[in-house]
Amino acid sequence: MEINKHFTENAKNDFHLVVKARGGNQKAYADLMHRYKDSIYFMVLKMVNNKEDAMDLTVETFAKAFEKLEKYQPEYAFSTWLFRVATNNCIDFIRKKKLSTQSIHSMMDEDGDEKPLQIKSDGLNPEETSIKKQQTEELKVLIDSLPIRYRNLITLRYFDELSYEEIAQQLDLPLGTVKAQLFRARYLLGNIINRYNKDDI
C-alpha cells in the first residue's frame, strides 16, 4: 500500500498508526481516536445541534471507521476519510430522525401528497407492540453475549437511559473511562449484530 507523497507529517503519522491498527495494535486505535475525537465531536455537534446525540454519533463514527479500516486507501489523508465517515453517519442519522418524525405527523396519499395522519392513540397497536418487544428481546440476547462490564454499561445507557455522568457516579468510574468503555462496548455489540444479521440472510 503506497502512501501519498504529498501527505503532511501528520497525515504520514496517521497512516503509520492505521497500518499498526490493522495489525491489531490497540494503542494505535486509541491514538487515532484521541487525536480526532474532539474535532469529530464538534463537527457532528454543528450538524445535529444536540450534545448527547453528538457524543453518540462520535462514538459511532469511530466504531464504523475502525470496522471499515481495511477499506481505507492512503490516496487521501486518514483525517479526510474519517470526517467523510462522520458526515455520512450524521446525514443518515438526520434522515432517519426526519423520516421518523414524518411517519408520526403525516403520510402520503395516492398522488404522493402529504395528508394529516389521524392518530387514535399515543401507544403502539398490538402488532407493533409485539414486534418491538421481540426486537428488544433479541437485542438483549445479543447484549448478554458481551463481557459483563460492557453489558452493564449498555444496559445503563440505553435501557435505563442514564447520562454518562450518572453512569460514572453509579459505577464510581471516571467520566472518561465510562465514555471509552461505552465506545468499546458499542463497537463489540455492532460486530455481534452484524454477524447476527448475516446469519439471518
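Predicted model: local features only at pLDDT ≥ 70, side-chain atom pairs only at ≥ 80, totals over all residues.
Is W81 buried or exposed? At 13% relative accessibility, W81 counts as buried, because the cut-off for that class is under 20%.

**The whole chain**

Begin with the cartoon view. The protein contains 8 helices and 2 strands. Followed from the N terminus, its elements run α-α-α-α-β-β-α-α-α-α. Of its 201 residues, 31% count as buried. Among contacts with a separation of 6 or more, 55% are between residues 24 or more positions apart.

**Helix α4: F78 and W81**

Next, select residues 78–105, which make up helix α4. F78 and W81 both belong to this helix and stand 3 residues apart, about one turn. F78 is buried, with a relative accessible area of 0%, and W81 is buried at 13%. What is the geometry of the pair formed by the rings of F78 and W81? Their centres are 5.8 Å apart and their planes meet at 40°, so the pair is tilted.

**Y41 and F42, and the other aromatic rings**

The aromatic pairs in the model come to 8. For another example, display Y41 and F42: the ring centres are 5.2 Å apart and the planes lie at 70°, so this pair is edge-to-face. The class follows because planes over 60 degrees apart count as edge-to-face. Y41 counts as buried, at 14% relative accessibility.

Now select Y29, F62, F66 and F183 together; these residues form one aromatic cluster.

**Two arginines over tyrosine rings**

R84 lies over the face of Y76, at 5.3 Å from the ring centre. Then move to R157 and Y164, where the charged end of R157 sits over the ring of Y164, 4.3 Å from its centre.

**The second largest pocket**

Rolling a probe the size of a water molecule over the atoms shows where empty space is left.

To see which parts of the fold contribute, colour α2 (26–48), α3 (51–67) and α8 (175–200), the elements that give two or more residues to the lining. Helix α2 gives the most, with 8 residues. By class, the lining has 10 nonpolar, 4 polar and 4 charged residues.

D31 is partly exposed, with a relative accessible area of 28%.

Proceed to D53 in helix α3. Is D53 buried or exposed? D53 is buried, with a relative accessible area of 18%. Leaving aside residues up to four places away in sequence, D53 touches V48, F93 and K97.

Then select R184, which lies in helix α8 and is partly exposed, with a relative accessible area of 28%. Displaying A63 beside R184 brings together residues 121 apart in sequence, with their C-alpha atoms 8.0 Å apart.

Finish in the loops. E161 lies between α6 (148–159) and α7 (164–171), and D172 lies in the loop between α7 and α8. With the surface shown, E161 counts as exposed at 65% relative accessibility, and D172 counts as exposed at 69%.

Note on methods. Residues numbered from 1 in each chain as written. Heavy atoms only, no water. Phe/Tyr/Trp six-rings, centres within 6.5 Å; stacked < 30°, edge-to-face > 60°. Buried < 20%, exposed > 50% of the residue type's maximum accessible area, 1.4 Å probe, protein only. Helix = DSSP H or I, 4+ residues; strand = E, 2+ residues; numbered from the N terminus. Lys NZ or Arg CZ within 6 Å of the ring centre and 35° of its normal. Nonpolar A, V, L, I, M, F, W, Y, C, P; charged D, E, K, R; others polar. Contact = heavy atoms within 4.5 Å.
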